[in-house]
Amino acid sequence: VFGFQSGDDAQSAQEWEPNHAEDLTPSKLRVKELVFRAKRTYYIAEFYARSQKWAEAIALFEHSLEQAAGAKDLSLDLDMNEPIKAVEDMARAGKCDALAKSFESRLTSSGVPASSGPAAGSDPSRLQVCALPPMIEPVPC
């Protein structure tokens, strides 16, 4: 149909072809439009996040969430909640990741070492934040 060769690509092409048996009311088309806009905004935000442009990425993730919320408001009576929830989950995860990486890049640029927890690959047995129990010296009264 679109020049796809493999079976998976042909199947995905069939999903994009209009299904004339489906009831496409104007409200359902508007919800689909908002979902696709939210997805497009999400992927643009991902590009900015990969380019380490955190402020732009976070703003676009928020915009994607707003578009998904608009689609959710319109789809109250329609059966379109699953794709909307998927876009919301992707945008929330992307925003959280961009916020964390932005915070980490600010810390490292200000001279504070990056997190050294087990996720960063350090040995947790060597990680010591403070001495426990703390050293207490008696003070004369």
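Guide: A residue is called buried when its relative accessible area is under 20%. Keep in mind that this is a predicted model.

Visitor: OK, so is tyrosine 42 buried or exposed?
Guide: Tyrosine 42 has 11% relative accessibility, so it counts as buried. Phenylalanine 61 is buried too.

Visitor: How are the rings of those two arranged?
Guide: They form a tilted aromatic pair, with 5.7 Å from centre to centre and 50° between the planes. Tyrosine 42 sits in helix α2 and phenylalanine 61 in helix α3, 19 residues apart, so the pair links distant parts of the chain.

Visitor: How many aromatic pairs does the structure hold?
Guide: There are 3. One of them joins tyrosine 42 and tyrosine 43: the ring centres are 5.1 Å apart and the planes are at 70°, so that pair is edge-to-face. Tyr42, Tyr43 and Phe61 form one aromatic cluster.

Visitor: New topic! Which residues make up the largest nonpolar core?
Guide: That core has 10 residues, including Tyr42, Trp54, Phe61 and Leu65. Helices α2, α3 and α4 each supply at least two of its residues, and α3 gives the largest share, with 5.

Visitor: And what do the buried residues of α2 pack against?
Guide: They pack against α3 and α4. Val31, Leu34 and Ala38 are among the buried ones.

Visitor: What about the backbone just after α2?
Guide: Glutamine 52 is there, with a positive phi of about 60°.

Definitions and conventions
Residues are numbered from 1 along each chain as its sequence is written. This is a predicted model: local features need pLDDT of at least 70, side-chain atom pairs count only at pLDDT 80 or more; totals for chains, interfaces and linings use all residues. Side-chain values use heavy atoms; hydrogens and water are left out. A nonpolar core is a set of buried Ala, Val, Leu, Ile, Met, Phe, Trp, Tyr and Cys residues joined through side-chain atoms within 4.5 Å. Buried means under 20% relative accessible area, exposed over 50%, partly exposed in between (1.4 Å probe, protein chains only). Helices (H or I, at least four residues) and strands (E, at least two) are DSSP runs, numbered from the N terminus. Contact means heavy atoms within 4.5 Å. Rings of Phe, Tyr and Trp (its six-membered ring) pair if their centres lie within 6.5 Å; planes under 30 degrees apart count as stacked, over 60 as edge-to-face and the rest as tilted.
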